[in-house]
Amino acid sequence: MEIPAGFRFFPTEEELVSFYLRNQLDGRRQEMHSVIPVLNIYDVEPWDLPQLAGERCRRDTEQWFYFTPRQEREARGGRANRTTASGYWKATGSPSYVYSSDDRVIGMKKTMVFYKGKAPSGKKTKWKMNEYRAIEAVPNPAAVTTTPMLRHEFSLCRIYVVSGSFRAFDRRPLEPVSQATQLHENRTATFLERTSMMEVTSSSSTSHTGGDHSDQPEANEDDIWEMVNDLEEPPLGWEQMNWTGV
């Protein structure tokens, strides 16, 4: 099918996690792959990824999306290998929650930057990534409640290039922060305080042009699991979205 002029794939983070990632994890709606293909992005240099985007999104010049399967070493309890032939992806900052429109925690988001060269002395580039993972509420019969579980089978990765102007993703209207959302953010304060002592800051860290500046340290998997385990049950769950197509 020919894509009409002006077509853009313009999802919210809630749609990415609640609809696209959840359906991928459940093995449903294979037609989504024409928009978000399955690809091990760590086998490809970031500047080559746009050519491998979904066929309906290859005209996009601002952002590209991929379902990335869990690596074998992760399944065995190891750390993911985020190294390519010319460089490596490095996590920056602290992971954050993804919320549904009714203020439930549905996923986690981690931001990464691509460096050319070998770690730890690589040179920062303008290529960035948001990695999304789903959090699912699993029934716990013993406690007559549910337990939050971080799904690892697939992650959803958004690749983009840092620029001096607002991208389409950033131009989306800002939604007002509800009181419930503020309560969720307060529950993460303890985690953020633990990592704040490790953060490396500088006056240039607010640059929007991708210039060189120090990155915040990567949170390890234990910190991420602790964030999931600290969740309270009422906010957990999946947004029931009545979509009829991609």
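Me: What makes strands β1 and β6 count as paired?

Reply: In this predicted model, seven bridges join β1 (residues 63-69) to β6. Pairing requires at least two bridges, so β1 and β6 are called paired, and the two run antiparallel. One of the bridges has Trp-64 as the partner of Ile-159 in β6.

Me: Why is strand β6 described as largely enclosed?

Reply: Strand β6 covers residues 154-161, and seven of its eight residues are buried, so the rest of the structure largely encloses it.

Me: Why is Cys-157 called buried?

Reply: Its relative accessibility is 0%. Buried means under 20%, so Cys-157 qualifies.

Me: And what makes Cys-57 buried?

Reply: The value for Cys-57 is 7%. That is also under 20%, so the term buried applies to Cys-57.

Me: Why is Gly-6 called exposed rather than buried?

Reply: Gly-6 has a relative accessible area of 60%. Exposed means over 50%, so Gly-6 is exposed. Gly-6 lies in the segment before α1. From Gly-6 to Arg-59 there are 53 residues in sequence, and their C-alpha atoms are 9.5 Å apart in space.

Me: Which residues have the most contacts inside the largest nonpolar core?

Reply: They are Phe-9, Tyr-20, Leu-21, Ile-36, Phe-67 and Leu-156, in a core of 19 residues. The elements giving two or more residues to this core are α1 (13-25), β1, β4 and β6. Helix α1 gives the largest share, six residues. A further core, apart from this one, has 16 residues, including Leu-39, Tyr-42, Trp-64 and Trp-127.

Me: What makes Leu-156 count as in contact with Tyr-20?

Reply: Contact means heavy atoms within 4.5 Å, so the pair Leu-156 and Tyr-20 has heavy atoms within that distance. Setting aside neighbours within four places in sequence, the residues in contact with Leu-156 also include Leu-16, Ile-36, Phe-67, Asn-130 and Tyr-132.

Technical notes. Residues are numbered from 1 along each chain as its sequence is written. This is a predicted model: local features need pLDDT of at least 70, side-chain atom pairs count only at pLDDT 80 or more; totals for chains, interfaces and linings use all residues. Side-chain values use heavy atoms; hydrogens and water are left out. Buried means under 20% relative accessible area, exposed over 50%, partly exposed in between (1.4 Å probe, protein chains only). Helices (H or I, at least four residues) and strands (E, at least two) are DSSP runs, numbered from the N terminus. A nonpolar core is a set of buried Ala, Val, Leu, Ile, Met, Phe, Trp, Tyr and Cys residues joined through side-chain atoms within 4.5 Å.
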